[in-house]
Amino acid sequence: MNQNNDLEKIVIIDFGSQFTQLIARKIRELGVYSEIINFKQIKSLTKNKSLKGIILSGGPLTVTNKNATNLNGSILKLKIPILGICYGHQILAKKLGGKIKVSRKREFGKSLVKSKLKSPITKKFFIKKINSVWMSHQDIIYKIPKGFKKIASSDNSKFAIIADEKKKYYGIQFHPEVSHTKNGKVLIKNFIFDICNIKRKWSLKKQREILIAKIKKQVKNNKVICALSGGVDSSVVASLLNKAIKKNLICIFINTGLLRKNEEKEVVATFRKKLKIKLIYINASKLFLIKLYRVTDPEKKRKIIGKLFIYLFEKYSKKIEKVKFLAQGTLYPDLIESKTVTGSPSSKIKSHHNVGGLPKKMNFTLIEPLKSLFKDEVRRLGAQLSLPKTILQRHPFPGPGLAIRIPGEVTKEKIDILKNADFIFMKELKKSNYYNKIWQAYAALLPMKTVGVMGDNRTYEYTCLLRAVTSEDGMTADFFSFNKSFLQKISNKIVNSVRGINRVVYDITSKPPSTIELE
Ligand code: XMP
């Protein structure tokens, strides 16, 4: 499944909680390797030296429903420590003979838990036998299974923490992985180190060496191509490969003309001059514009851009001799199988295109060196590989680029106007220390002209829309609250210095019901 098969690990069984990835990241921060699998794959877990413990995640399901999922009993046969969190706590208790019911009172948000009995799981967790935690549940356990003891309780959850110390099974009703639970990390630490007896063997530094060695072994003296986008993931892949195989790496960078202002210059300078990586630079700006001529439908735009990108990438990669491998920046969250518990694909809102979406029929073997890493780990790895902060901290940018930030027809004039407005917005965000507090921000150009007045003259120009959102993963998002003076400053700067814009608006919708991009 990934590069870390021999490493001691904790496996997290995902029941669909929005915090599952957070548990995995917390464990890795503690220097221990962790992996997430879907609950439908439980049976695939087998007894082996590397598997030291299992965590059952929370989830939106209920165990009280007649058709509720049952915990697959095969994990009990493994005879290793298990920690159930929230839904995981309830499904574990139910499987072992406990009783659960729908509570009349729901418990969402802050709650106080009180210590009832000492246990290795709560070592150094309570302060004066009490702690503030974050709950999110409606079902409660009202009878614990045989062999279990009550370790802590809250007003609403009599069995907030339970333990069968002999079997090393633990259940926690609240979420220790979220920051609202005070000392939550201590519980995770106690479980993995004191109960599972795992050692700290995972670090990014070690991981980097392992990845480099594996790439060397796999690639030998063959050539690898890599599609650079200027984004974090492909940049880190390229610099990692560069460390491993140097001259045998060839990067292809296609300038679609739909990138942010000066982006292509920065990418070429960083990779060719600073990192001394072989880079084929293709300026296809004109070609993309021709193909987009008079196209207004968002999906058509996306398809045209995606198709042309692939066509160009194939065309230029075929010119390079003896290429055997194609490197891609697939990350761990891309691989985690089910985001929805039912596993049903969510309805298609937009057809995404990114450089990771190159067709499988290309005759190359895939190398995906980042496939066991989370985004923040990839950023830290990039810093270790001396990539500049401008690349590592850059907000996400969609494959179709500025084309989907110009609703309606895309023209050279509109692209230039937008690049300048966006540049001002980004510069001011950085100057005011907002940039790193925001998940993604950009300017868009709306396809309508309105009347304005500048000096004594009437103007009739485009409207610039500013968007800035906070988010965990782009699936949901909230608009960012700027103070009035900042918005005023941006509006003045854009209108005063960008010819073609005489009005600036700020988008205050969240996702859902809106999406982050306009198209
Ligand atoms: P939406 O607009 O769907 O965007 O709320 C969610 C996140 O995905 C990014 N995005 C894309 N990324 N290729 C990409 O690589 C795409 O085609 C694409 N479309 C949207 C968007 O910028 C946001 O971060």
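Tutor: Two strands pair if DSSP finds at least two bridges between them. Helices (H or I, at least four residues) and strands (E, at least two) are DSSP runs, numbered from the N terminus. The model is predicted: local features need pLDDT of at least 70, side-chain atom pairs count only at pLDDT 80 or more, and totals for chains, interfaces and linings use all residues. Residues are numbered from 1 along each chain as its sequence is written, and side-chain values use heavy atoms, with hydrogens and water left out.

Student: How many bridges join strand 11 to strand 12?

Tutor: Six, between residues 249–255 and residues 278–283, and the two strands run parallel. Ile252 has Ile280 in strand 12 as its bridge partner.

Student: Is His395 buried or exposed?

Tutor: Buried means under 20% relative accessible area, exposed over 50%, partly exposed in between (1.4 Å probe, protein chains only). His395, in the loop between helix 12 (389–392) and helix 13 (412–431), is buried at 5%. Contact means heavy atoms within 4.5 Å; leaving out residues up to four places away in sequence, His395 touches residues including Arg260 and Trp439.
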